Amino acid sequence: MAANVLDKFLRYVVIDTQSVEDSSTYPSTARQWDLLQLLERELREIGLPEVRIDEYGYVFATIPSTTPKTDVPVIGFIAHVDTSPEMSGADVRPIVHRNYQGQDLVLPDDPQMVLRLSDNPWLAEQIGHDIVTASGATLLGADNKAGVAEIVAAAEYLMAHPEIPHGTIRIAFTPDEEVGAGTKFFDVQRFGATYAYTMDGETRGELETESFSADAITITFRGFNTHPGYAKGKMVNAIKVAADFISRLPDGELSPETTDGYQGYVHPYVLHASVDSTAVKLLVRDFSSAGLKEKEAWLEDLAGKTVQDWPGASFDASIEESYRNMKEILDAHPRAADYAREAIRRSGLTVRERPIRGGTDGCRLSFMGLPTPNIFAGEHNFHSRLEWVSVQDMEKVVDVIVNLVRLWEEKT
Ligand SMILES: [Zn+2]
């Protein structure tokens with residue numbers, strides 16, 4: 001099982017699967033098919049039934065039940081094949097640093113790229129382990145090919161060990177997670193799992209069951225444009241109104257730069273400016289839907305107060321829902337997280353839990369009717385040229401998956 005997960009991982013990371021924003025196709029890039037089709041083939045070779053790749057690129061497969069019990073819930077495991085649009089994923093050269101002893105790892109293709117223990121405290125737990133990095137020129141793609149390799153390795157192990165009792169298991173590999181579209185065409189019905197886990201977390205032992213609730217709000221200020229030479233008493237400059245609005249956002253609180261833990265924020269991040277009309281796009285984040293709505297109402301109120309000081313100006317606001325805190329769903333299905341905790345402990349690790357200051361595909365899936373917490377895959381420094389993963393962590397994840405499916409059988 002050990003050599004196995006690394007071999008798979010090294011095979012997957014050299015395949016460029018970068019996704020891109022604002023694509024007119026799905027998946028957003030044709031290159032993602034290369035890995036999706038390879039996975040389809042590998043799952044068939046392992047002997048899994050019901051391997052299918054659909055027109056959108058989703059690969060689904062089944063590990064058949066080995067238990068006489070008929071009421072064990074169907075459990076799913078999900079990972080995404082694409083890598084971040086922010087960093088090249090072409091010509092990845094993975095390097096395995098055997099028996100890591102805490103030294104600086106200098107990446108040969110760019111000696112400026114040095115993975116240091118002092119900047120990466122989690123490396124302290126990896127002494128004696130084998131660390132995989134890229135070569136300094138690209139990301140590694142452990143996000144989320146570590147998760148892909150772990151799921152395939154677990155599938156292979158379970159197929160070779162039919163004496164391990166478990167219910168029916170479903171597997172899914174998805175495209176375009178990094179551009180927020182991983183679940184766009186995900187057919188929850190056809191997938192057919194009752195609970196699922198994304199294997200896309202960071203540190204060993206980590207379990208994530210809470211995420212942000214997230215919206216984007218666009219506030220458009222309308223002014224009045226006319227020839228600036230003859231504008232006296234007529235022109236209303238929407239750019240200045242928008243600037244006034246932005247300056248009223250609180251300094252030193254409620255922003256990404258000043259919050260952590262369970263604090264939410266509002267974050268202006270895109271501006272489309274002209275004298276006639278200026279749109280400010282803001283991300284709104286909170287851990288509860290009620291808190292999210294409060295922040296949005298407060299922003300609209302602030303925009304209203306701003307235009308009152310600019311005679312002739314007006315505004316409108318539109319809200320786009322992004323995702324919701326998975327906790328709102330998972331709280332009603334406590335077994336999904338409880339068994340994950342127990343499986344992590346049975347694998348000899350301490351459970352680590354913290355709220356995700358972001359979203360996962362599991363957030364959307366949970367609200368689409370498939371409760372889906374996130375379990376660690378061992379990825380670190382994702383989207384970065386200093387991305388790394390430990391081989392022993394990947395092996396642990398395979399253990400966790402096996403223990404988790406046993407638990408579901410045992411407790412049913
Ligand atoms: Zn990911």
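The buried residues of helix 6 are covered by several elements, including strand 11 (213–222), helix 5, strand 12, strand 13 (277–286) and strand 14 (314–323), where contact means heavy atoms within 4.5 Å. Helices (H or I, at least four residues) and strands (E, at least two) are DSSP runs, numbered from the N terminus. The structure is a predicted model, in which local features need pLDDT of at least 70 and side-chain atom pairs count only at pLDDT 80 or more, while totals for chains, interfaces and linings use all residues. Residues are numbered from 1 along each chain as its sequence is written, and side-chain values use heavy atoms, with hydrogens and water left out.

Among the buried residues of helix 6 are Leu292, Leu299, Leu302 and Val307, together with Lys295 and Glu296; here buried means under 20% relative accessible area, exposed means over 50%, and partly exposed lies in between (1.4 Å probe, protein chains only). The 20 residues of helix 6 (residues 289–308) should span 28 Å at 1.5 Å a residue, and this agrees with its end C-alpha atoms, which are 29 Å apart; the expected span of a helix is 1.5 Å times one less than its number of residues.

Four strands form an open sheet in the order 12-13-11-14, with antiparallel pairing, and two strands are said to pair if DSSP finds at least two bridges between them. Strand 12 and strand 14 stand at the edges, each with a single partner strand, so one side of each has no neighbour in the sheet. On average, neighbouring strands of this sheet are turned by 20° against each other, direction ignored. Within the sheet, strand 11 and strand 13 pair in the antiparallel sense over ten bridges, and threonine 220 stands opposite alanine 279 in strand 13.

Two helices lie across these strands. Helix 6 lies across strand 11, strand 12, strand 13 and strand 14 and runs at about 10° to strand 11, whereas helix 5 lies across strand 11, strand 12 and strand 13 and runs at about 20° to strand 13. For such angles, axes are lines fitted to C-alpha atoms, for helices over the stretch in contact, and the values run from 0 to 180 degrees between N-to-C directions.

Another part of the chain to follow is strand 3. Six of the six residues of strand 3 are buried, so this strand is largely enclosed by the rest of the structure. In a regular strand the side chains alternate between the two faces of the sheet. Both faces of strand 3 are covered, with Ile75, Phe77 and Ala79 buried on one side and Gly76, Ile78 and His80 buried on the other. Strand 3 pairs in the parallel sense with strand 8 (residues 169–174) over six bridges, and with strand 9 (residues 195–201), also in the parallel sense, over four bridges. Phenylalanine 77 stands opposite isoleucine 171 in strand 8 and opposite tyrosine 197 in strand 9.

The zinc ion is coordinated by His80 (NE2), Asp143 (OD), Asp200 (OD) and Asp200 (OD), at 2.0 to 2.7 Å. The pair of histidine 80 in strand 3 (residues 75–80) and aspartate 143 in helix 3 (residues 142–160) links distant parts of the chain, 63 residues apart. Donors are N, O and S atoms within 2.8 Å of the metal (3.2 Å for Na, K and Ca), and sites may look incomplete because water is not among the atoms. The angles among the four donor atoms of the zinc ion are 51 to 135°, and the site is irregular. Four donors count as tetrahedral if all angles lie between 85 and 135 degrees; four count as square planar and six as octahedral if opposite donors are over 155 degrees apart and all others between 65 and 115; anything else is irregular. Histidine 80 and aspartate 143 are both buried.

Helix 3 has 15 of its 19 residues buried, so helix 3 is largely enclosed by the rest of the structure. A cis peptide bond, with omega about 15°, joins aspartate 143 and asparagine 144, and asparagine 144 lies in helix 3.
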